[in-house]
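Hi there,

Here is the structure I promised to pass on. Have a look at it first, and my notes follow below.

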Amino acid sequence: MPPRTQIREHARAKKGTLKHLMKDLFKKHWFGLIACAILIVFNVFVNLSGSIFANFVTTTLTAGLQEGLNPFVDIIYVKQMGIGLNTNLTYLLTTLAIIYALGVVASWLWNRTMAIITQRFMNDFRIEMFDHMQDLPIKYFDTHAHGAIMSLYTNDIDTIRQFISQCLPSILQTGLSVIFSLISMLLNSIWMTIVVIVFALLMLLNTMNRGKMSAKYSILQQISLAKVEGNIEETINGLKVIKVFSHEEKSCEDFKVLNKEYQKNATTARMHGEVMMPVNGNIGNFMYV
């Protein structure tokens with residue numbers, strides 16, 4: 001079957017899967033997810049607070065030296081991004097240390113909470129899959145390799161686990177970081193912000209292009225992996241029959257074909273995925289220059 005046909009059939013079979021998955025996840029763990037979202041928002045603020053406080057620290061130190069004051073003891077009036085403060089370096093550094101400490105606690109809490117939510121959801125998900133498998137007709141098991149069926153419980157379930165535990169928090173973190181950073185940049189310099197936005201669009205175009213290709217071959221990779229596992233499982237179970245009828249060479253040839261297909265799809269998917277970040281990194285270097 002041609003790769004494009006496989007992707008279309010896979011897409012039709014999986015249409016609405018993400019929507020159903022998210023609906024089920026929020027239905028069972030809405031409170032924990034909201035708590036994680038709040039903790040992630042605070043964690044993003046902590047990560048950005050270092051650059052914000054750096055402006056106040058630099059201005060306080062400069063103003064104190066110019067006025068002949070001790071920036072660690074004397075109260076100095078500073079103004080950055082439209083915010084005026086009567087402060088000194090001791091207050092600023094103490095406040096920053098407290099914020100970072102709270103950020104570490106928040107990061108630990110949301111990671112722990114997300115891990116608990118993910119494992120509980122995966123436990124219920126596997127039970128539902130197993131119960132559903134009991135209701136499937138015999139025809140399904142006759143037309144699907146046992147290894148391919150087991151692949152649903154291992155590889156596909158692990159993919160869902162990674163999406164819930166890693167991708168969802170990363171999407172929220174990245175989105176909030178972009179929003180907060182953009183506001184901070186606009187308050188500092190509009191022209192520099194425009195430069196950053198132009199290069200960010202270039203990164204987005206590269207990500208979309210590479211991501212599209214990576215997603216295409218990642219789907220083919222999962223399909224090929226299921227075929228390989230199905231072939232291995234059936235070969236091992238029927239090993240005695242294969243030896244009795246001297247079918248070893250043909251069985252080996254079939255495996256090599258499937259293994260080569262999996263190698264090609266996995267390599268191409270990994271290549272597009274791995275190239276994405278170095279290209280974005282070089283675009284970022286040009287933006288910095």
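Predicted model: local features only at pLDDT ≥ 70, side-chain atom pairs only at ≥ 80, totals over all residues.

**Helix packing and a bend**

Helix H6 (residues 190–237) and helix H8 (residues 248–288) have axes that come within 8 Å and cross at roughly 165 degrees. Axes here are lines fitted to C-alpha atoms, for helices over the stretch in contact, with angles from 0 to 180 degrees between N-to-C directions; helices are DSSP runs of H or I, at least four residues, numbered from the N terminus. H6 and H8 are therefore roughly antiparallel (an angle over 145 degrees). Their contact comprises 21 nonpolar, 17 polar and four charged residues, where Ala, Val, Leu, Ile, Met, Phe, Trp, Tyr, Cys and Pro count as nonpolar, Asp, Glu, Lys and Arg as charged, and the others, Gly among them, as polar.

Residues are numbered from 1 along each chain as its sequence is written, and side-chain values use heavy atoms, leaving out hydrogens and water.

H6 also pairs with helix H5 (residues 146–188): their axes come within 11 Å and cross at roughly 175 degrees. That makes H5 roughly antiparallel to H6. By class, this contact has nine nonpolar, nine polar and four charged residues.

Then there is H2 (residues 17–66), which bends by about 95 degrees at histidine 29 (the angle between axes fitted to the seven residues ending there and the seven starting there). Just after H2, glycine 68 has a positive phi of about 70 degrees.

Best wishes

Key: Helix = DSSP H or I, 4+ residues; strand = E, 2+ residues; numbered from the N terminus. Parallel < 35°, antiparallel > 145°, perpendicular 65-115°, else oblique. Expected span 1.5 Å × (residues − 1).
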